[in-house]
Amino acid sequence: KTAHGASQQPGEGYAGPSAPIQSVWPHGSTVDSEGHLVSVGPHRAPAEYPRVPTVEPYPAERLDGQAANLWNEAQSVEATDRESGLKAYERFLASEPPEPFYSNAQYSRALLLAATGRNEAALDVLGLLDQTPEVTETGLPLAVLVRFQRVRLLAEESRRGTVRTEALTAAIHDFSTMVIEQASLATPSLLNAVIGFLEGFGENYSAPIRASQRVWSVDEDTREFYRTVRPLLQTPINAEQAFWTESNDRPRLVVLIPYEQPATDGAPKDVRFEMHIHSEEFLRHAIDSLLSRAPLRPPPYSEPAVFLRGRRVSTTEPHGEVLATVESDLATGQASIAGLTVALHLVDPDLLYARQRQRAFWFGALILIAAVAALTGYVTAHRAFRRQLHLNEMKSNFVAGVSHELRVPIASVRLMAERLERGAVKQPEKRHSYFLFIAQECRRLSSLVENLLDFSRIEQGRKEYETELTDMAALVRHTTDLMQPCALESRVRLGTQIDPGFPAGASHTEVDGKAVQQALVNLIDNAIKHSPSNAAVTVGLSRGNGDGTIRLSVTDTGEGIPSDEYERIFERFYRLGSRMRRETQGAGIGLSIVRHIVEAHGGRIHVESKVGEGSRFVIEIPAGRPNRIASADRDDSSQY
Ligand code: ADP
């Protein structure tokens with residue numbers, strides 16, 4: 001804060017004189033508005049003191065004859081005979097002499113008491129002189145000398161252990177303040193002597209003395225420096241000033257801050273100026289430590305330069321382009337002084353550009369990632385939307401298909417039943433064929449309804465399977481027999497091809513017989529629907545290639561299925577060419593049910609086909625006890 005820096009410690013605890021302080025107590029030296037130095041340093045040490053020793057004997061003519069004799073006697077005898085000198089001073093003092101004789105005689109008496117080993121008495125006598133304003137004949141302030149002697153005697157007594165060290169500490173503080181406040185030619189030698197007295201007492205005791213030594217040297221520096229500054233001051237001073245001076249090649253900043261001198265003893269208030277002298281080294285040091293402690297660091301490619309009133313006060317002297325400049329005021333506690341500039345220089349452009357490139361790269365990467373993410377999101381959403389749209393279309397096709405499937409047989413059955421009822425059909429053969437047709441249509445309808453119910457169970461995940469050991473050959477034969485009327489109607493030859501490894505009456509495969517039968521019915525129904533007249537449909541049963549599976553197959557010689565549809569025909573609602581043509585009956589759920597049944601048995605289904613030559617649907621299911629959990633809790637309905 002001030003050029004006094006560390007040397008200010010003694011001033012910190014210093015509360016000033018007892019007069020009330022109404023404004024800020026100055027921490028620097030004081031100058032009046034005419035530019036006269038009023039006091040120096042925070043201790044308000046005198047601006048000047050006699051630089052050469054002057055001996056001014058006390059005016060003996062102010063004593064009466066008797067007292068004058070005693071005074072002369074005491075002075076002449078004290079150097080040779082202490083006891084006589086002591087007595088002479090005591091007699092002189094008994095005559096109640098005026099000042100300055102009184103204080104001086106008491107002081108001499110105290111010294112003689114101490115010299116004759118009566119320290120305690122000497123300290124008592126010194127106590128009488130605490131407040132004396134007198135000076136010795138050589139012009140030294142008596143109050144300072146009194147405190148000096150007190151430290152000396154208390155140090156001696158403390159060594160002996162006869163007094164408490166608190167008394168010594170208090171005396172040291174008292175002396176160290178007073179010796180600065182009442183500066184004299186003797187100040188430095190008194191401070192040195194006290195350091196000598198306190199030898200062996202430890203650093204704590206001599207610390208205030210060393211602090212005062214530093215204050216003294218700063219004060220002396222200020223006194224000397226002021227002489228060069230004096231002509232530079234623009235008087236009368238009426239506002240704060242700050243300027244650089246250069247004496248002995250030591251640049252220093254002088255700052256004058258106005259403050260109000262409190263009114264004391266009826267004297268009017270007065271505006272004075274607190275003078276701070278900051279050396280360039282000090283400011284650089286302060287700025288450097290400030291910069292190193294700053295919460296915000298300049299980027300590594302830049303370096304700051306700090307200027308105060310046009311002079312650089314930072315140790316760094318960066319070159320290169322100025323990136324930014326900040327002008328501010330220098331706050332000094334009570335006032336602020338304009339002219340603080342901080343400039344940020346670009347010292348490493350390569351680093352800056354490298355960073356810039358890196359940042360640009362990352363920004364680019366970020367934008368790219370965002371774009372990719374957005375695109376992916378769009379594509380996914382679009383696909384889901386399309387799929388939903390497709391599903392909706394297939395569902396409405398399904399509803400139309402189912403309605404058609406139901407309406408046609410019901411209509412014809414009703415027609416025939418009505419005709420039979422009216423007795424319109426006379427010939428017995430025709431009536432027989434009517435009955436056959438009605439029974440056939442009813443079977444078809446119930447198979448369709450069965451499929452629909454199964455489909456809805458599968459969709460809701462409620463379809464359950466009950467497995468038991470089943471005679472597969474019998475199952476195939478029975479199912480084929482069941483479908484014979486349907487084949488007959490379409491003029492299709494329906495036959496079986498059962499491997500001899502399946503003897504009749506042997507139950508060897510654990511399946512849900514009803515479900516497998518339904519799967520076969522669906523496949524045979526499809527084969528018949530897609531076969532031309534007089535074609536053959538064969539249901540095969542054989543063992544897999546030694547892997548413990550059994551193979552069920554339904555082969556036709558119909559129109560076949562294009563290879564790119566192999567997968568899709570197993571999807572729910574999917575019908576080949578369903579949108580355009582409706583040449584075959586169906587709702588598009590048959591194969592999806594078949595696949596569900598097969599997979600619930602731990603098996604697989606696939607189709608082998610050639611367009612124009614026919615198709616073969618092959619089911620492979622494990623013969624043993626596979627992991628055939630009911631699909632009740634499988635939510636894979638989306639596959640159908
Ligand atoms: P649906 O038979 O009710 O239309 P499916 O799920 O049973 O529904 O069959 C889906 C589609 O697969 C049918 O629309 C048909 O085009 C085709 N398909 C099934 N079986 C055969 C087959 N044996 N020959 C030719 N195409 C077939």
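In this predicted model, a polar side-chain atom of Lys529 lies 3.3 Å from an oxygen atom of the ligand. The protein covers 97% of the 530 Å² of accessible area that the ligand has on its own.

- The side chain of Asn526 has a polar atom 2.9 Å from a ligand oxygen atom.

**The shell around the ligand**
- Helix H14 (513–529), helix H15 (590–600) and strand S17 (614–622) are the elements that give two or more residues to the shell around the ligand.
- H14 supplies the largest share of that shell, with three residues.
- In total, 19 residues surround the ligand.
- The closest of these residues are Asn526, Asp556, Arg575, Leu576 and Leu591.
- By class, the shell residues comprise nine nonpolar, seven polar and three charged.

- Tyr378 belongs to helix H11, which spans residues 349–422.
- The relative accessible area of Tyr378 is 55%, so this residue counts as exposed, the cut-off being over 50%.

Notes: Residues are numbered from 1 along each chain as its sequence is written. This is a predicted model: local features need pLDDT of at least 70, side-chain atom pairs count only at pLDDT 80 or more; totals for chains, interfaces and linings use all residues. Side-chain values use heavy atoms; hydrogens and water are left out. A residue is near a molecule or strand if one of its heavy atoms lies within 4 Å of it. A polar contact is a pair of N or O atoms within 3.5 Å; within protein, one must be able to donate a hydrogen and the other to accept it, and residues adjacent in sequence count only if both atoms are side-chain atoms. Accessible areas come from the Shrake-Rupley method with a 1.4 Å probe; for residues, only the protein chains shown count as cover. Helices (H or I, at least four residues) and strands (E, at least two) are DSSP runs, numbered from the N terminus. Ala, Val, Leu, Ile, Met, Phe, Trp, Tyr, Cys and Pro count as nonpolar, Asp, Glu, Lys and Arg as charged, and the others, Gly among them, as polar. Buried means under 20% relative accessible area, exposed over 50%, partly exposed in between (1.4 Å probe, protein chains only).
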